[in-house]
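Please look over the sequence and structure below.

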Amino acid sequence: MPCPALPDGFDFTDPDLLHHRVPLPEFAELRQAEPVRWIPQPANVAGFQDEGYWAVTRHADVKYVSTHPELFSSTLNTAIIRFGPHMERDAIDAQRLILLNMDPPEHTRVRQIVQRGFTPRAIRALEKNLHDRAGRIVETALANAGPSGSFDFVTEVASELPLQAIAELIGIPQDDRAKIFDWSNKMIAYDDPEYAITEEIGQEAATEILAYAMNMSADRKQCPAKDIVTTLVAAEDEGNLASDEFGFFVLMLAVAGNETTRNAITHGMHAFLTHPDQWDLYKRERPATAAEEIVRWATPIVAFQRTATQDTELGGKQIRKGDRVGLFYSSANNDPEVFDTPEVFDVDRDPNPHLGFGGGGPHFCLGKSLATLEIDLIFNAIADAMPGVRLAGDPRRLRSAWINGVKELQVGVD
């Protein structure tokens with residue numbers, strides 16, 4: 001097997017790397033030559049007291065790890081592959097209360113409760129409202145474009161529908177969505193110096209979301225309403241969530257249901273505008289397969305991690321108990337063993353077994369149906385109201401260790 005031509009010290013979780021690009025050429029090198037590779041790190045650089053992690057780059061291996069939680073734990077070191085170097089171990093351990101970082105059977109118990117909010121019936125009940133909201137969001141962006149006809153697509157369009165959908169889903173007043181936007185940004189932006197956000201500020205923002213959600217929970221227990229919050233929390237002894245569990249659920253939604261969908265929509269718009277043939281096809285035919293291809297292409301979460309619960313083997317490598325294992329979804333979603341011409345943005349792609357919503361198993365994305373609905377609705381609204389949208393600047397990327405994020409994308413309308 002040939003050795004992959006990676007520079008010494010190359011680390012797929014280096015925030016400076018994702019600040020500029022997703023390392024697709026390096027992923028291709030590893031898939032071909034060493035699909036499971038040890039990536040050394042200086043002690044504590046990622047907030048963990050170890051010396052690195054295993055990079056898992058093939059689609060099949062990412063799926064295997066995802067579907068074997070008995071071998072690969074989300075709880076031991078959480079699913080976040082890199083924190084800041086000053087992250088305290090107590091703060092990492094506290095994140096085990098978030099669904100993303102639980103293992104069965106506790107994960108199974110909490111997920112069975114919260115999935116009441118994501119049933120097909122619940123999503124269908126939101127569709128008409130979100131359809132109308134998508135149209136208003138695009139109309140407002142057009143009205144705010146100003147004399148130049150340009151605006152920031154991220155703040156004016158991409159961020160709005162996910163925020164409004166979450167607010168609608170769990171009963172957050174729409175006037176409070178700016179608070180959720182601000183808090184969730186602070187939670188994940190600690191690697192980006194432009195925001196001057198420290199880990200302490202990020203933790204404070206998380207505390208604000210927790211307090212907000214727990215107050216909501218307490219209100220519903222006192223005065224039940226016909227909404228999802230009441231369904232989830234009103235009767236703990238009947239298998240519902242305690243107030244703190246509901247708080248951590250909302251904390252997860254703030255990132256999983258907001259940041260990821262926002263970035264998928266932003267990358268999708270950029271992909272359409274740099275592949276005008278696909279934008280023309282979409283406007284003409286509105287293929288139902290488009291949302292899945294946008295998520296594959298964007299892969300908003302570059303990587304999560306698991307921790308080996310015992311000595312095991314993966315991709316021909318011996319993984320030791322306690323080793324961290326990085327699941328690189330961006331690589332898996334470009335694996336030519338699974339996708340024909342993965343480097344091509346093709347909104348007609350079908351089948352499309354991408355791992356943008358996770359690799360299956362217990363942590364497969366709870367909100368997949370809601371996310372694809374939002375993507376469909378917003379691009380239909382854009383195609384209807386501003387079919388001539390054009391790029392007005394290069395995307396400004398987020399500096400992050402694990403999020404494929406865009407802070408700003410200037411677009412224009414004629």
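## Strands and sheet

Thr307 has Arg324 of β8 as its bridge partner. This is a predicted model. Strand β5, residues 303-308, and strand β8, residues 324-328, run antiparallel and are joined by five bridges.

These strands belong to an open sheet of five strands, ordered β1-β2-β8-β5-β3, with mixed pairing. β1 (36-40) and β3 (72-73) each have a single partner strand and stand at the edges, so one side of each is left without a neighbour in the sheet. Strands of a sheet pair through backbone hydrogen bonds, in either a parallel or an antiparallel way.

## A helix across the sheet

Helix α3, residues 59-66, lies across β1, β2 (52-56), β3, β5 and β8. The angle at which α3 runs to β8 is about 125 degrees.

## Two crossing helices

Two packed helices are described by the angle between their axes and the distance between the axes. For α12 and helix α13 (residues 276-285), the axes come within 4 Å and cross at roughly 105 degrees. Angles of 65 to 115 degrees count as roughly perpendicular, so α12 is roughly perpendicular to α13.

On the α12 side, the contact is made by Met269, Phe272, Leu273 and Thr274. On the α13 side, Pro276, Gln278, Trp279 and Tyr282 make the contact. By class, six residues of this contact between α12 and α13 are nonpolar, two are polar and none is charged.

## The second largest pocket

The second largest pocket holds about 450 Å³ of space. Its lining has 21 residues, and those that lie nearest the centre are Val22, Leu24, Trp297, Ala298 and Asn404. The lining residues divide into 10 nonpolar, six polar and five charged.

Which helix gives the most to the lining of the second largest pocket? The answer is α2, with four residues. α2 (24-33), α12 (243-274) and α14 (290-298) each supply at least two residues of this lining.

## Backbone features in loops

The peptide bond from Pro104 to Pro105 is cis, and its omega is near 10 degrees. Pro105 is placed in the loop between α4 (89-94) and α5 (106-114). The peptide bond from Asp350 to Pro351 is also cis, with omega near 5 degrees. Pro351 has its place in the loop between α15 (329-332) and α16 (368-385).

Thr299 is not a glycine, although its phi is positive, at about 40 degrees. Thr299 is in the loop between α14 and β5.

Conventions. Residues numbered from 1 in each chain as written. Predicted model: local features only at pLDDT ≥ 70, side-chain atom pairs only at ≥ 80, totals over all residues. Heavy atoms only, no water. 1 Å grid on protein atoms, 1.4 Å probe; cavity = no way out; pocket = protein on both sides within 12 Å on 5 of 7 lines; lining within 4 Å. Points joined across faces, edges and corners; volume = space filled by probe spheres on them. Nonpolar A, V, L, I, M, F, W, Y, C, P; charged D, E, K, R; others polar. Pairing = 2+ DSSP bridges. Contact = heavy atoms within 4.5 Å. Axes fitted to C-alpha atoms, helices over the stretch in contact; angles between N-to-C directions. Parallel < 35°, antiparallel > 145°, perpendicular 65-115°, else oblique.
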